Structures are given as structure tokens and as C-alpha cells.
Amino acid sequence: MTSKPLLDIHNLNVVYETPSGSIVAIRDLSLELRANEAMGIIGESGCGKSTLSYAILDYLPPNARRSGSIMFNGDDLLLKTEKEMQNYRGDRIAMVYQNPYSALNPSLTIGEQLDEVTRVHRGFPRTQAREESIKALKDLSLGEAEGIVRRYPHQVSGGIQQRICIAMALLCQPDIMILDEPTTALDVTTEASILDIIGELKERHRMSLIYISHDIGVVNKISDRIAVMYRGEVVELGPQEELFDHPRHPYTRALINCMPRAGVKKETTRLNTIPGYVTRRSADERGCPFASRCEKRNAVCEEIYGLREIESGHLAACDRAYADDVSEKKAAIPLVPKAKSPAGAGATGGWSGTKDSSAAADAGGFGTVGPDTATTPLIRLEKVYKYYRNRKRTVRALDGIDAKIEKHDVLGVVGESGCGKSTMGHLVAGLLAPTKGNIYFEGKDISATWQRRSGDTIRDIQLVFQNPGRSLNPSFSVEQILDRPIKKMLKIRSRRERRAMVIDLLKKVDLGEEYLSRPSTRLSGGEKQRIAVARAFVTSPRLIVCDEPTSALDVSVQASVLNLLGELQEQSHTSYLFISHDLNVVNYISDHILVMYLGRVCEYGLRDEVVNPPYHPYTEALLSSAPDVNPSHKQKPIRLEGAPPDPSARIVGCPFAGRCHKKIDDLCDTTPPPLKRLSETHYIFCHLSEDHLKGSAHL
């Protein structure tokens, strides 16, 4: 790296003028990016990460004011006119956005959108532009580039769409590429593959990168240095390993501690959380932006606050991360151990809609369903198929799976998008009916949609969805959202009794009575998901289907929601079907893990049997791709080439054979994999011998 910075941001301020006053999005931010350097920027939502990227390219709305300087190769971008900035955007500084669905035009073919970049910015004729587009796609390991350019965005997967956006950014061979959460919505294997490719292209084209994310594990995979932002300021900046090993700012330490990681499990540890949430900053506010949430603050914090060099190359606005004048908060708080009950114990309370429901509410609990020593599992799926048919083809979403969820157990279901995880959850919850096969709930056949299920079954199986914003009615207050299922499903007519139950529910999810009158639109993402969890627990369910409940949340909010789910499960003895593509989250909260691929089961077992070490080659690939919070834990992800087979095609052999790094040539292509039991609780479907199966990746 050269000593002269390629991008030098000095005392940058971004202020939004609103009818209610000025809001400071970025305050006195200074940052340097050198040639061929990768800079990671992390922080919670609302900390100004995306605003910084938009400020560099002048993509801010009309009510925004910028001041300071942004020097790019000696030119101050803040002094450039709109017409002059067109020579920098895309050509010299390119940007890849978080959502490829919004970044691509659905009415134009992929080739037309790629060609436009080189025709406008580089003046290429049509034929040469198409050649460059195909070459850019091949650089991103898209082997069918000639076919992809003729398709529309909706005809390719999300991972391919994101690679197309990266190819679009690369076509002008920019000096700087800004990537704003480009892999947040992608599978862990696709994410690892794209991060690998970005790193290779950075070295090949000698580019500099600014990689924005709230996930420090993802940033570790690609960054040389990391800047931590909070409420519009850089609060710490340094090399990635130094930042992890010796964080100086309390916010940096708190972010790192929020992340689930190897060895951290719900039985022994409650995840660390950051109290409160990111608030807007007014123009007249001064001092430490993190003070109101900081557990290490003291009387002199704001007097000595300011970014300064702690060690060579390591800057921090505060060095009180490990200050000993304030007592340490206990880092590892064990959850309540699983309760023991007599054999056959059943529901012993809760809001079941009977005349005793108010007494249960007064007792202050969600009800208790004791663990049953009987062999009958809570949920069993037997040879379940789910097909989606139209005139042209039949898509096999689930292809004959067998699975079970034990009482007072968390079954984590993992796999790439399209493997059938959510379809399985929807079948169990009654949103869909199976095409063939049976679903049993405590031995009773419930293989039908919710309209044909009994009221007791509906109350016993509840859901928590991925996007809390879309699962809550924006026109309802929190009280109305929680009151409705109490009235409709528990048949409690007394408004006073229902209100008392709602208040008790809010207390259970660590929210106060002041939230009763708030509409869901005035809640943060974490608060919305807590309300969604409270609503799911209204009926004292036996099972909750959690479909990616933390994937849309910041790591700090994710930690608090995971803690909440763990605590409520221990209190109520509810079981979870926990669906996620985040292996770290599944490893933390699950008792058993089910690995799925193309509608089939690959592996099932106790959590530690599945991940330490992984046995099935697909499980090994998933675990090797999981981002690690510790940058010193470097392992090469197993890159899965190509895409899963067409789900409408009939698979003769192993469905994973075409992408497997341990494939046995003709055998895997022509013969279905046999079931192999590795223990009483652990089995896989694979042709390989046990000696060849044991992988090295682990959590």
C-alpha cells in the first residue's frame, strides 16, 4: 500500500433538515483509504454506514447538507457539480447495493443492463460491450454467461443477481468499490463464494474496497482494517486482529460480545446484549454518542472524549472497554436448567381459554408443559412430500422427508435457499397441506391446513416470521395486536382481564406498559420482533415455528431476541422448529440439527454430533463457510460449484452429487445414498465410509 491515501475524508458532516429540526447523520468523520486496501465498516442500523457511502457519491436526498472534504486522488468531491460527479460514479467509484432485486431493472435483460455500463462510461460499441459483459460474468465464476445475459433478473437466483451487480460495478474497472451489505440476504455458501471472488478480483484489478456490514464475522473475511461507527462517528479504527484481540472502545467490545461463536451454547451462556438502541442525534448534542448505553461510563467520560491514536495504527475515541473502576458485567450467565417433571406430565397451567385462565395470568407465567418421558415425539413427519404443479412442470419442494421434534426440544433446520426449510415449517404450522405423507402432533394426524385443524391444535402451534415489520398490522397498536389472539383464540371476554394479560406478556419480553398505545410503525426492529414473540406465546403453545426470526436484525438485537427465546422456552417448556441459514445462531440455540438439501434430509443428530466434526460433505461445506468473529480463525471455505439441480427434475442418485467435493463418480450419480446410523441419535444419507466422512470444519 502506498503512503498517500486514495480517498481522504476529513471532518465530514451530513445533516438532514426536517420539519422537526436538524438531524445529524454523520459528525466530524475522518477516514483514509489507501490503494488496494479493504476497509470494513461495522455498526448497528442507524449508525450512518450507508449515509457515508451515499455522501461519497453525492447520492443524498435534497434535504441533506454536506460539509468538510472528501478528497479522491487530490480532487474534493464535495466541490464537484452534478455533471462532474457523473465522471466519478460507476467509472472511478462503483457501488454494490444490499438488495439486488431493487438494483436491477426487471424489464430489461441482464445483458442489456450490463452492456449499458460500458457503452455509456467507456463508449464501447454494442458488440464489444456484450463481450465485456460476458467476460465480467465469467470472472465471477458464472459458467453459463452466454445464457445468463439473455435472461431477465427474475429468472436467476438471488446469489446470481448479486454477482451480476458486482459484475456491473467491475465493468469500468473502478479504483474504489463500495459494497453496502451485499451478502446479508444470501445463503452462507453463496456468501462465502462471493466474498472469495471479491477478494480475488480486488487483487487482480488492484482495487480498494469499502465493505459495509453489521456482521463483524463477514467483515473479517475481506478487510485489512475495520472502522467501527456509532451514531455518525468513527469510534474505533484499526487492523482487524488488533480490533478483535484488544478492543478499546466499549461499543466495539459490546458488538463483538453479542455475536454467537464457537463454544457458546444456550445451556451455559446467555449472549451479551447492548442496552437501549441507536437514537437520532440532534445538531446541538455534544460529547460521547455512546454514553447513554455504555456500562463503563463515568463522570469524566465526555471531558476526555475524542478520536486519538492508542497504538500505532489503532485509533479509538475512548479506551474504557476494560476499565476496572466500573465493575464488570457478568459475561456468561447460564440459562435456567431444564426442569424435571414426573413421567407423562402435561399442561399444568397457562392461558388455555378455560375458566382458570385468569388465575394462570395472575401467577405470572406462560404456563408449563412438563417434559414427557414417553417415546412419542411432539411432531413427526413421515414420508412427507410437497409438490407445486403447473401446466409445464412439477417442483418438488419436499421430496419424502422423515423428521421429528421432541418435547421441550429445539430442532434447528439449516440449508441453502430452496432446500425446503420454510416449506417444512409452513406444513407443520398448517399454512400448507402435504401432497403426500403424514404429519403427527403427539400421535394425532394433523396433515391438513389450519382451517381443518381443531382449535386446540391451532393454539398449540404458533409462528414467528422472518420480517417483524410485515407480520404486524401497522394500523394496530401493540395492545390491539396482543389483545386480538387473546380474545379470538382464548375466548376471554373481559377487557380488564385481557389488558392484564397483555401487560404481563410485555413484561415477559422486557417491554414496559408504555408500549401499549404505540403502533408497530413506531417500534424498532428488535421491539417489533419481541412483540411478534409475545404474540406467539399468548396461547401457551406446545410448538413455535421460528422462520428466520433473527436474520433481519442487528447483531445486538439478535442476541437479545435469542436470549429471550431461550428464557421463554425454559419457563414454558415449549418446543421450537428453528429455521435459519446462520449456522452460528443454529449452533447456539438448537438441541438437535436437521440438514436439508433439495427437499431431502442429509443429516440429523444432536447439535454436537452434527457440528463437531461434520460428517456429511454438505454439512462440512456449510460449516466451513460460516463467518467467524475471531479473524485469527482462518479456514478456506469449501466452494460449492454450480447451483442445486432443477427441483422439477427427477433425481436418480444423490441430489448433492453434482456439487460434492467428495463424490464417488458413477455411484453417487446413479444410486440413492443409503441411511447410515452413526449413533442412536445421529444419522446421515451418504455413500462414503465413516473414515472418509469426518470433516474438519466445526463451530
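1. Buried here means under 20% relative accessible area, exposed over 50%, and partly exposed in between (1.4 Å probe, protein chains only). A quick note on what sits behind the rest: this is a predicted model, where local features need pLDDT of at least 70, side-chain atom pairs count only at pLDDT 80 or more, and totals for chains, interfaces and linings use all residues. Numbering runs from 1 along each chain as its sequence is written, and side-chain values use heavy atoms, with hydrogens and water left out.

2. On to the charged pairs. I get 37 salt bridges in the structure, each being a side-chain nitrogen of Lys or Arg within 4 Å of a carboxyl oxygen of Asp or Glu. One of them pairs D591 with K266, with 3.3 Å between the closest N and O atoms. These two are 325 residues apart: D591 is in the loop between α20 (583-589) and β21 (592-597), and K266 in the loop between α11 (250-258) and β11 (308-311). Helices (H or I, at least four residues) and strands (E, at least two) are DSSP runs, numbered from the N terminus. Both D591 and K266 are buried.

3. Have a look at E416 and R659 too, whose side chains form a salt bridge at 3.0 Å, N to O. That pair links distant parts of the chain, 243 residues apart. E416 counts as buried because its relative accessibility is 5%, and R659 is buried at 10%.

4. E442 and R542 also meet in a salt bridge, at 3.0 Å from N to O, and they lie 100 residues apart. E442 is partly exposed, at 32% relative accessible area, whereas R542 comes out buried at 13%.
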